[in-house]
Amino acid sequence: MKSELQRTLELVEKHNTWRKDECLNLIASENIMSPLAIEVFNSDMMHRYAEGLPYKRYYQGTKYVDEIETLVTELGKKLFRCKYFDPRPISGSVANLCVFSALTQPGDQIANLRVADGGHISHSPLGAAGLRGLKTLNMPFDHKEMNIDVEKLRLITKKEKIKLVVLGGSLYLFPHPVKEIKEILDDAKILYDASHVLGLIAGKRFQEPLAEGADVVATSSHKTFPGPQGGIVYTNNEEISKRVAQAIFPGIVSNHHLYRLPSLAVTLIEELEFGEKYADQIQKNSKKLASSLYEKGFQVLCEHKDFTESHQIAIDVRNQGGGKKVAETLEKANIICNKNLLPWDKDENTENPSGIRLGIQECTRIGMKESEMEHIAQLITRTIIKHENPEKIKEEVIQLKKQYKETKYCYTKN
Ligand SMILES: Cc1ncc(COP(=O)(O)O)c(C=O)c1O
């Protein structure tokens, strides 16, 4: 047993050194919390239960948890300019499942995006939507524009009965046409999954889903929004908020992992203070990395639209051996990203899809700006197009990371 214990401690240490200190982290769905948010993450709340809503719990011992959850809710309403904010879903997929349970019945039909067109697996029959027993109708997608084809969708909505339209996604370069879709719907509601772009919404650099006509937002809390891993649902509609609250508890979540709440409060406070500057730099950096890679010969999608409005960049790497090969080669150089389906891929082509997806929110958070994006583009090009030894590039990445030890766009600890 001792050797397993030793190994466990060793693995954590190795992981921390590798991913935190030595890698360029370009996974679009990750981020790092601020020092203060990390400090309060490690509290006794990780051991406790608090079922239900603040001040109406089923267990004793929750008076401070009640206060902090109320604070989180008030801060969330302020930052996202909404009337009802619920931080209890414990992940983004769970948040989606809570909304599906609240607003649909098994057998209902929802409109979603294929995973290859950017939809998340939780919107699909394999994920939360399937668990709720929903039928899915894939929305038409314009590959060139990397967006939903509203005109074709309009024709479909005339013939098909749709209960809920799911917007937002995982491969998400440009705002979805929420307003235009709202206009063509009769009574279908819109669920906007803001998981990827929540920090950009907080920083007012992306569309405001509720203002444009979405009925409810479900989201994770840890991608461009640099909070603890978890989920949130927010809305302006009282009836929806009540139904979602009921779906969360007693429906899907019993205890909602309370240790997240203090870190969420800190992140909301820091986003209110620094969120706009952070979101601004994210957008500048993603456009810069995209154009640098494009100039160096990569097939970055959507050059005609300045590549991206989010933290993400999508690259067609079929000429370089496909997404699997490229992502694995980059990993050897300590550049971490993921292979990704692109719209022309078949859903089952997950083994070696056409693309890779890069996200620059974490590099931005440690203080990198446009000049560093140019540097990253060079490192990627030397590894993938010039076929330099990844081990050599890795040493350069480790040296580069030594200069970026601090987390920005947040308060310092003292
Ligand atoms: C659009 C979208 N929704 C939901 C999720 C799921 O979030 P979680 O992993 O917190 O369940 C993701 C995860 O990457 C996502 O990209």
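Helix H14 covers residues 370–384, and its 15 residues reach 21 Å from the first C-alpha to the last, close to the 21 Å expected at 1.5 Å a residue. That expected span is 1.5 Å times one less than the number of residues in the helix. Welcome to a predicted model, in which local features need pLDDT of at least 70, side-chain atom pairs count only at pLDDT 80 or more, and totals for chains, interfaces and linings use all residues. Residues are numbered from 1 along each chain as its sequence is written, and side-chain values use heavy atoms, with hydrogens and water left out.

**Helix H14 and the labels**

- Helices (H or I, at least four residues) and strands (E, at least two) are DSSP runs, numbered from the N terminus.
- Buried residues of H14 include Glu372, Met373, Ile376, Ala377 and Leu379; here buried means under 20% relative accessible area, exposed means over 50%, and partly exposed lies in between (1.4 Å probe, protein chains only).
- Towards the end of the numbering of H14, Ile380, Thr381, Arg382, Thr383 and Ile384 are also among its buried residues.

**Aromatic rings**

- The whole structure holds 12 aromatic pairs, where rings of Phe, Tyr and Trp (its six-membered ring) pair if their centres lie within 6.5 Å; planes under 30 degrees apart count as stacked, over 60 as edge-to-face and the rest as tilted.
- Phe80, Phe85, Phe225 and Tyr234 are joined into a cluster by ring pairs.
- Lysine 305 sits over the face of phenylalanine 174, 4.1 Å from the ring centre; the criterion is NZ of Lys or CZ of Arg within 6 Å of the ring centre and within 35 degrees of the ring normal.
- Arginine 365 lies over the face of tyrosine 278, at 5.7 Å from the ring centre.

**A nonpolar surface patch**

- Tyr49, Tyr58 and Tyr59 make a nonpolar surface patch of about 360 Å², with accessible areas from the Shrake-Rupley method with a 1.4 Å probe, and for residues only the protein chains shown counting as cover.
- Patches are made of residues with over 30% relative accessible area and no salt bridge; like charges are joined within 9 Å, and nonpolar side chains (Val, Leu, Ile, Met, Phe, Trp, Tyr) within 5 Å.
- Tyrosine 59 is in the loop between strand E3 (56–57) and helix H3 (63–80), and counts as partly exposed because its relative accessibility is 39%.

**Salt bridges**

- There are 34 salt bridges in the whole structure, each being a side-chain nitrogen of Lys or Arg within 4 Å of a carboxyl oxygen of Asp or Glu.
- Arginine 48 and aspartate 44 form one of them, with their closest N and O atoms 2.7 Å apart.
- Both partners are partly exposed: arginine 48 has a relative accessible area of 42%, and aspartate 44 is at 41% relative accessibility.
- Lysine 152 forms a salt bridge with aspartate 149, and the closest N and O atoms are 3.9 Å apart; aspartate 149 counts as buried, at 19% relative accessibility.
- Aspartate 215 bridges to lysine 182, with 3.3 Å between the closest N and O atoms.
- This pair links distant parts of the chain, 33 residues apart: aspartate 215 is in the loop between helix H9 (209–212) and strand E11 (216–220), while lysine 182 is in helix H7 (residues 178–184).
- Aspartate 215 is buried at 14% relative accessibility, whereas lysine 182 is partly exposed with a relative accessible area of 32%.
- Lys204, Arg205, Glu276, Asp280 and Lys284 belong to one network, joined by salt bridges that share partners.

**Backbone details to check in your viewer**

- Phenylalanine 249 and proline 250 are joined by a cis peptide bond, with omega near 15°, and proline 250 lies in helix H10 (residues 238–252).
- Methionine 146 is not a glycine, yet its phi is positive, near 50°.
- The loop between strand E7 (141–142) and strand E8 (147–148) holds methionine 146, which is buried with a relative accessible area of 4%.
- Cysteine 302, also not a glycine, has a positive phi of about 65°.
- Cysteine 302 lies in the loop between strand E13 (299–300) and strand E14 (312–316), and is buried with a relative accessible area of 8%.

**Contacts across the chain**

- Arginine 318 and serine 354 are 36 residues apart along the chain, and their C-alpha atoms are separated by 5.2 Å.
- Arginine 318 is in the loop between E14 and helix H12 (323–332), and is partly exposed at a relative accessible area of 46%.
- Serine 221 and serine 91 are 130 residues apart along the chain, with 7.8 Å between their C-alpha atoms.
- Serine 221 is in the loop between E11 and strand E12 (231–235), and counts as buried because its relative accessibility is 1%.
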